[in-house]
Amino acid sequence: MGSALISTIIRFLVLLSITNVTATTGTLKCENGGISNGATCTCPEFTYGADCQNIKDIIEIGKYFDVTMKVELTLNYTYTSNLNNTSSEEYKEFIKVYNDMLKSLFDRPNGNITVLVLSTDNGYVKVRNNVTLTLQYINTRNVLEQYEENYNDVKAVIENNKCTSRTLCIKSSSTEAILPLSEHERCGEKISPRFIQFFDPVVSEGSLACMSKCLPSSPNYLNCSSGSCQIKDEEGPQCFCPRTDLYIYINARCEGAILIAALYGGVGAAIGVLVIIGVVLGVFLYRKKYYY
């Protein structure tokens, strides 16, 4: 074989290899919202697989959630412009006595109160706060019920702190609720709107998880009997039955497996019986006609 021919073949093989790589890279398709960089897929949290083709059955959210409420307080403390200078001695002294008052009011190790703005209200200091509490998920009460209970507790503590002495106290107050995300909305932060309908928020052992309807722990569990449940595209949970090359099933949940070979044998036997009956009946009718 000539060197020119060998060189031509090598160039052809190299070109073919480059073409195949380009085609494979260029046609990489990521499913379920995955993003392709040409070589790999970056998958959303609720999916897995090289092409993001599989949907996870459980997404853990966690044990704790924060709830926030806005609080505006007017205190029996004379306002001066120095209180808006965080480096001034007057501001530092105010923050000290203010924090002491808060500690006496809110003995909550799982929360905090952040001072946002200092301003004046008829010569007195007005403070705007965000009160943030960290709560744990429980299966006996939903997030909104827990929030309302804690919001009412904080509001009652503030309203009951009447100014009866010279110590720092609250002259007037107002509170505003900031409703937290529900359990279902928390799941919606992790799962695409296309698939969120196939998941249920479940609180177990003080922790929130988003469970697909393919999990037995889901309140809307799809029981596939001997098969396996998977979420496929936007069609949702589906049952995939084992050995469909050997068996057929009486329903979509993989119940009532019937051996195909036995079914065909039974059908064949039934057809044979029908044929025999037909032949016997035909002979009987023929003879009856002949004798009459």
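Aspartate 100 is partly exposed, with a relative accessible area of 39%, where buried means under 20% relative accessible area, exposed over 50%, and partly exposed in between (1.4 Å probe, protein chains only). This is a predicted model, in which local features need pLDDT of at least 70 and side-chain atom pairs count only at pLDDT 80 or more, while totals for chains, interfaces and linings use all residues. Residues are numbered from 1 along each chain as its sequence is written, and side-chain values use heavy atoms, with hydrogens and water left out.

Aspartate 100 forms a salt bridge with lysine 96, the closest N and O atoms being 3.7 Å apart; a salt bridge here is a side-chain nitrogen of Lys or Arg within 4 Å of a carboxyl oxygen of Asp or Glu. Both residues lie in helix H2, 4 residues apart, about one turn of the helix, with helices (H or I, at least four residues) and strands (E, at least two) taken as DSSP runs numbered from the N terminus. Side chains of opposite charge can pair when their charged atoms come close.

The structure holds 7 salt bridges. In another of them, glutamate 72 forms a salt bridge with arginine 128, with the closest N and O atoms 2.7 Å apart. This pair links distant parts of the chain, since glutamate 72 is in strand E6 and arginine 128 in strand E8, 56 residues apart. Glutamate 72 counts as partly exposed at 24% relative accessibility, and arginine 128 is also partly exposed, with a relative accessible area of 34%.

The side chains of lysine 190 and glutamate 45 likewise meet in a salt bridge (3.6 Å, N to O). Lysine 190 sits in the loop between helix H4 (183–188) and E10, and glutamate 45 in the loop between strand E2 (41–42) and strand E3 (47–48), so that the pair links distant parts of the chain, 145 residues apart.

Leaving aside its neighbours within four places in sequence, phenylalanine 199 is in contact with residues including Ile59, Ile191, Met211 and Ile231, contact meaning heavy atoms within 4.5 Å.
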